Amino acid sequence: MTPAPDLGVYVHWPYCARICPYCDFNVYRVRRAAEPAALARAIVADLEAQAALTGPRTLVSVFLGGGTPSLMDPAWAAEIVAAARRLWTPAADLEVTLEANPTDAEAEAFARFAAAGVNRLSLGLQSLHDEALAFLGRNHDAGQAIRAAEKARAAFPRLSLDLIYARPGQTPAAWAEELRAAVALGAEHISPYQLTIEGGTAFDRAVQHGRFVPPDADTGADLYDTTQEVLGAAGFEAYEVSNHARGVAARSRHNLVYWRGHDYVGAGPGAHGRITQGGERQATYSVAKPADYIARVAATGAGFDSHTPLTPREAAEERVLSGLRILEGIGRDEVAALQIPPERIADLVDLGLLADDSKRLRATPAGRLVLDRLTTELAS
Ligand SMILES: C[S@@+](CC[C@H](N)C(=O)[O-])C[C@H]1O[C@@H](n2cnc3c(N)ncnc32)[C@H](O)[C@@H]1O
Ligand code: SF4
């Protein structure tokens, strides 16, 4: 019998001190003091209920994401991490990540989060320029970002930095310099994300009213190339479209769970999960609003409001979407249900977008730039 797949746990902490104008994640301003404490208890109860669904599994990652989970009381993080360790079998090298915003107040709590079991910090630096941070609506400046990175290196064995590029007026030369300054902070992992104008956000309205013009596609591609060059020269491998690691051990095990199509439990408002049961892949979706989520856990034990089996075709489409993002690509057997015509693959190989070694399909560097097109051609 095939052993049950390894498991990741994603916990969504939806509160933020303020809502950034570009963000369309499931986020809420912290308002009622009692609600976060109730949410932490509900998340532990939800994990307990979902452990009954997954059965015994090896736990490879716990990811406390958000929102801003660094705003939670570290004692609650300790309870959530302890619950996950108790409910599944922790791998010897279990990765426990916390997302944090780099304000001085949050950096003060890093040592307590480390004591709670967090061994990897994902720090939302976004930029090292004060004007850019103000444009992005952040509540930290470059000085706080640098201090937080230094404190994080002292408190945690592993550090990752998030940056946002393709800001209006940004030149490749200025971006290269900013990236080098980020590299100098000593992180093992860097995730530079191209600014996306998401529908319904304050930036979306600003662009529609002509208050700023995002860089065009050519400038975006130049900035992407600069990212690859600067981080490559600094010893970082682009193991995924927006994720660069200094060596294999520095890759995010949590994100690899998603991109390799392994199982993960999602707990917290709006979290989703994928659990394989009896050979069938189930998708779980939790209710989005914190109060509704807390009420649902109280009423039914688990926080998800739907629990749907994916058809083999849907499961294979997901594999194309996530698997082509990483260097290792996808196994041909994983996408058999799509019955991709061989001539379509041959065309994409001829165009230099796909590499095909009869067992695996991989996006080439050129293919990574047009992933939407590749996935549409393979999964439609
Ligand atoms: C959901 S946030 C959580 C981290 C933390 N709250 C923070 O803001 O630093 C995860 C990352 O997504 C990226 N991100 C969010 N919205 C984005 C957008 N519209 N365009 C590009 N990157 C974005 C940011 O780099 C951010 O650090
Ligand atoms: S980017 Fe981070 S801090 Fe800003 S609203 Fe989104 S989750 Fe909250």
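This is a predicted model: local features need pLDDT of at least 70, side-chain atom pairs count only at pLDDT 80 or more; totals for chains, interfaces and linings use all residues.
## Inside and outside

A residue is called buried here when its relative accessible area is under 20%.

## The overall build

Welcome to the chain as a whole: 15 helices and 17 strands make it up. Along the principal axes, its C-alpha atoms fill a box of roughly 55 × 55 × 45 Å. The radius of gyration is 21 Å, which agrees with the value near 21 Å that a compact globule of 380 residues would have.

Contacts reach across the sequence too. Of those between residues at least 6 apart, 69% join residues at least 24 apart. As for charge, there are 37 positive and 47 negative side chains, and the centres of these two sets lie 4 Å apart.

## A look at strand β17

Let's visit one strand, β17, which covers residues 360-363.

β17 has partners. With strand β15 (residues 330-331), β17 pairs in the antiparallel sense over two bridges, and L361 is the bridge partner of I330. Strand β16 (residues 354-356) also pairs with β17 in the antiparallel sense, over three bridges, with L354 standing opposite A363. β16 and β17 form a hairpin with three residues between them, and S358 in the turn has a positive phi of about 75°.

Conventions
Residues are numbered from 1 along each chain as its sequence is written. Chains are lettered from A and ligands numbered from 1 in the order in which they are written. Side-chain values use heavy atoms; hydrogens and water are left out. Helices (H or I, at least four residues) and strands (E, at least two) are DSSP runs, numbered from the N terminus. The radius of gyration is taken over C-alpha atoms; the globule rule is 2.2 Å times the number of residues to the power 0.38. Contact means heavy atoms within 4.5 Å. Lys and Arg count as positive and Asp and Glu as negative; His and the chain ends are not counted. The place of a charge is taken as NZ of Lys, CZ of Arg, CG of Asp or CD of Glu. Buried means under 20% relative accessible area, exposed over 50%, partly exposed in between (1.4 Å probe, protein chains only). Two strands pair if DSSP finds at least two bridges between them.
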